[in-house]
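Please keep the sequence and the 3D view at hand while reading.

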Amino acid sequence: MNYNKSFAALVAAGLVRGSLAQTVTWCGKNFMANQSVVPPGGQFVLPTQSVEPLLSFRCAPVFRPYLQEDAKGAAFVVDTPIVYDWITGAEPILLPSTSGSSSGSTGLGSISVTISVGSVKTTANVPLNATNVQIPVDISKLQAQKTAYNVSCSATYTVPSSSKFQPAYDQKFKTSASLLYLPDTNASVTKTDLRTGALWVRPANGKGGAFTPFVPQGFYINFDQYLAKNLTMIDQLKADGFNTLHPIPPYDNLTIFQEVINKTVSAGMYIVYDMRSNYKNLTAVAQQVKTYASIPNLLNWETAHEPDGNSDPQNAARSTYDLIYQMDGYHPISIVLNCEDYNFSPYVKGADIVIHDAYPIGINATYSPVWHTVCTPDFGHCGCDNCQGTLSDIKSRVQTYKERLNIMGFDRTKSVWTTPQAFGSGAYWNTTPTGQQWAAIGFTSFSHGALGSKSYQYTTTTGNTTTIERTATNLTVLIKDIVQPFIVDPNATFASYDYQGVDAGLWHNGTTYLLLVANLVNANVYAPWKDVGLGSITNATTQLQHIFSASQNTNATGLNFLPGGIGIYTATPP
């Protein structure tokens, strides 16, 4: 696809017009020269700390939804970490005086957990201070239905006697969950693995098949302006290795929209149905769900787009969410948030998938070229809310959203996706990301917990190997074949590292390590193996497998980075 700066300017200008069409503030902030500074409010409230240990007891079904065909193999995942912050649901717990550090479960014993749903009750022992413990629960005696079941999870922790003066005694804890157990269907179904947050899907061609893990790699594309006039864009995206198409509404020509659906089904690509234009109109939402819920390649519904920027009613996304689940339930729901910290809590209650769309590349972080005003935490609109204008903004945004969901008690039930910036050269953005920068956005997003990626927007830069589209042709297959198996593996361990601006994500599946690295600073950096979690490497030649790199290489003792360098490696140290 051809890409030029005039197109980029149109995209950027469209962002300005679209984002400000409904509001005279952005992220709650005034931004025009004739407006005064008024603190926006709406900031996320961090939990207070506790000097005494707390139990964060949580449980959730392994999959949402379960189908009738899954009933006998169903399970719940239980977490019993000891924490020292008053996050949602945390309760004081008295530990044995000899338990020592709370960083592990050694010496803490176990906790008896009972899961009750309808007429089904299961009890099992779970280690205290553990995560991702699975308890099988046969739900075949329950009736499959559209309405979710309420689940009660209770726990008993017995503190052993320390002396004849201090007898053993029980401590009781409770939490709740929701079980969505639906009738079998031959139509499309997208499950969420609540152990990891990853999606599981059947083949998009509608011919049936087994559910398999899936990491969306896609593009937003304006339907009326571009896609409806050139359906070969679907062929090009498929050739580039992308697996998901997200048409931006309105879908004014429904005949051509059906052709888009048919063509993506034939191509084996999934489609995201976007309701941003009318998600607050529940009558319109109901009609769209009724019409499109059964298409064979529907991945998910997307409702509110930047409701935080536009200051949409805080309950609107949740109202739409509840209606869609009443009617469908077979597909998750996403929203897109633009602000760094404005009414995060109420908006995310209307989503299973929280997508950020921070676009930092090419902005002036302190002065808006559009509004000719300064940008501060309390005033201004510079194209990326509270950003510094570097790749580190992406790392911070994904990590912050993940941490907030955990604080709210949604770490199992809501996941985070990323929106790599694939435009620029207009409005707030004086340049377009290079292919390498675009890839770095994806790498750092995955390294901080993102489980899907939809770039904004197509068409994008193409031509030589430094452009986004040419980079994508090399990377999309590697993400699918090398990266995806690690990040969707519920048994893989994960750790992230930051060494002098090098961002590293390290997964271990029991036999092999996956290392994603991205230099987020404008400087040369050398990172020793031990500082990215691979200190056990003794022979890089035989124990390290180079998968991909740009502006980055290795030697016997570590990794060398030029500014913006990126790499993918697997390792099998002794």
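In this predicted model, the lining of the largest pocket draws at least two residues from each of β6 (82–85), α8 (392–407), β24 (450–458), α10 and β25 (493–499). Among these contributors α8 gives the most, with 6 residues. The space in this pocket comes to about 1200 Å³, and 39 residues line it, of which R195, K402, D411, R412 and F494 are the closest to its centre. Sorted by class, the lining of the largest pocket holds 16 nonpolar, 13 polar and 10 charged residues.

Two packed helices are described by the angle between their axes and the distance between the axes.

How are α8 and α9 placed relative to each other, parallel or antiparallel? Their axes lie 9 Å apart and pack at an angle of about 30 degrees; because angles under 35 degrees count as roughly parallel, α8 and α9 are therefore roughly parallel to each other. Their crossing is right-handed, and the contact is formed by I394, K395 and V398 from α8 together with I441, T444 and S445 from α9. By class, the residues of this contact comprise 3 nonpolar, 2 polar and 1 charged.

On α9 (residues 435–446), the next contact to trace is the one with α10 (residues 468–487), where the two axes come within 10 Å and cross at roughly 15 degrees. By the cut-off of 35 degrees for roughly parallel axes, α9 and α10 are therefore roughly parallel to each other, and α9 passes α10 in a right-handed crossing. From α9, the residues G435, Q436, W438, A439, F443 and F446 meet I468, T471, A472, L475, I479 and I487 of α10. The residues of this contact divide into 9 nonpolar and 3 polar, with no charged residue, whereas the contact of α8 with α9 includes 1 charged residue.

How values were computed
Residues numbered from 1 in each chain as written. Predicted model: local features only at pLDDT ≥ 70, side-chain atom pairs only at ≥ 80, totals over all residues. Heavy atoms only, no water. Axes fitted to C-alpha atoms, helices over the stretch in contact; angles between N-to-C directions. Helix = DSSP H or I, 4+ residues; strand = E, 2+ residues; numbered from the N terminus. Parallel < 35°, antiparallel > 145°, perpendicular 65-115°, else oblique. Left-handed = near helix turned anticlockwise from the far one by under 90°. Contact = heavy atoms within 4.5 Å. Nonpolar A, V, L, I, M, F, W, Y, C, P; charged D, E, K, R; others polar. 1 Å grid on protein atoms, 1.4 Å probe; cavity = no way out; pocket = protein on both sides within 12 Å on 5 of 7 lines; lining within 4 Å. Points joined across faces, edges and corners; volume = space filled by probe spheres on them.
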